[in-house]
Amino acid sequence: MIKVIINGAKGRMGSEAVNAVEQEAGLSLVAALTKNDDLTATIQDTGADVVVDLTIPTAVFDNAMAILNTGARPVIGTSGLQPQQIEELQAIAQQNQIGGVIAPNFSIGAVLMMKFAKEAARFYPDVEIIELHHDKKVDAPSGTALKTAQMIDAGFNERPKAKQETETLAGARGANHQDVHIHSIRLPGLVAHQEVLFGGLGETLSIRSDCINRSAFMPGICFSCKKVMALKELVYGLEHLLD
Ligand SMILES: NC(=O)c1ccc[n+]([C@@H]2O[C@H](COP(=O)([O-])OP(=O)(O)OC[C@H]3O[C@@H](n4cnc5c(N)ncnc54)[C@H](O)[C@@H]3O)[C@@H](O)[C@H]2O)c1
């Protein structure tokens with residue numbers, strides 16, 4: 001049995017993950033932690049193999065450090081980790097030979113959307129991302145949008161051409177990450193959605209993923225808890241576990 005801690009267990013994602021882990025064969029939930037619990041002490045007391053972090057952007061780096069330094073395997077779903085923080089965590093995991101995953105998105109459909117976008121970028125240098133989330137999401141753009149932009153950037157055969165354009169209202173063209181514009185929508189009624197729009201000569205291509213409720217992320221979380229047991233590095237993106 002793989003012993004799992006859920007950190008952020010009272011949150012929207014964390015409470016779903018508690019149920020999912022409790023019902024998953026091969027996984028055993030040993031603790032469900034909230035903001036004021038001691039993560040390091042709980043890992044030591046329970047001998048947890050894996051910690052799933054579904055907390056907040058300002059806490060995730062310290063949590064990931066605590067998990068790695070206590071010898072458990074991190075399965076990080078929380079958004080907001082900066083590229084240099086990811087590199088720092090990966091170096092520690094490498095040094096200590098600990099497996100783990102940082103997944104901006106645990107939905108299989110969303111991971112495929114990112115892979116297909118990378119493939120399409122070979123043929124279309126003109127692309128923009130629209131990400132749409134519920135109005136309680138605290139950070140923008142989403143981790144998924146940033147990861148998608150990075151994958152598109154790696155897929156380009158030809159760089160996007162610089163455009164002559166002026167914003168008459170600041171922010172009208174969205175954020176620019178690695179030459180890909182990202183537009184963030186926040187509205188009640190939404191859960192987690194993203195459309196990648198490519199434009200070519202006389203045509204457009206849209207690749208879209210819609211998570212209509214949080215159960216969409218649970219198979220990916222349970223799958224990751226099992227897969228990290230055989231890893232000796234911290235990977236960034238669920239696609240590295242699927243391949
Ligand atoms: N990777 C994915 O597939 C995926 C999908 C959806 C959401 N997310 C991300 O997961 C995170 C959680 O989302 P949510 O909608 O559940 O948020 P939420 O606000 O509902 O829950 C976060 C919980 O974490 C708790 N918390 C805050 N600091 C903590 C700490 N230091 N230790 C333990 N608990 C702490 C809060 O009290 C809260 O209960 C967000 O960063 C969100 O962007 C990831």
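The crossing of α1 and α7 is right-handed. I'll start there. Keep in mind that this is a predicted model.

So how do these two helices meet? The axes of α1 and α7, which covers residues 218–227, lie 10 Å apart. The packing angle is about 60 degrees.

Now the residues. From α1 we have Glu16, Ala17, Ala20 and Val21. They meet Met218, Ile221 and Cys222 of α7. By class, this contact holds 6 nonpolar residues and 1 charged residue, with no polar ones.

Next, the ligand. Which helix gives the most to the shell around the ligand? It's α1 again, with 3 residues. Helix α1 runs 12–23, and α3, at 57–69, also supplies at least two shell residues. There are 25 residues around the ligand. Coming nearest are Gly8, Gly11, Met13, Ala59 and Gly77. Sorted by class, the shell has 11 nonpolar, 10 polar and 4 charged residues.

Last, the domains. The protein chain is divided in two. Domain 1 takes 2–105 plus 215–242, and domain 2 takes 108–212. Their centres, over C-alpha atoms, are separated by 26 Å. In the contact, 14 residues come from domain 1 and 12 residues from domain 2.

Which elements give two or more residues to the side of domain 1 that touches domain 2? Those are α7 and α8, the latter at 239–242. That side of domain 1 has 8 nonpolar, 5 polar and 1 charged residues.

To recap: α7 meets α1, and α7 also gives residues to the side of domain 1 that touches domain 2.

Conventions
Residues are numbered from 1 along each chain as its sequence is written. This is a predicted model: local features need pLDDT of at least 70, side-chain atom pairs count only at pLDDT 80 or more; totals for chains, interfaces and linings use all residues. A residue is near a molecule or strand if its C-beta atom, placed from the backbone, lies within 6 Å of it. Helices (H or I, at least four residues) and strands (E, at least two) are DSSP runs, numbered from the N terminus. Ala, Val, Leu, Ile, Met, Phe, Trp, Tyr, Cys and Pro count as nonpolar, Asp, Glu, Lys and Arg as charged, and the others, Gly among them, as polar. Axes are lines fitted to C-alpha atoms, for helices over the stretch in contact, and angles run from 0 to 180 degrees between N-to-C directions. A crossing is left-handed if the near helix is turned anticlockwise from the far one by less than a right angle, and right-handed if clockwise. Two residues are in contact if their C-beta atoms, placed from the backbone, lie within 7 Å. Domain bounds come from an automatic or database domain assignment.
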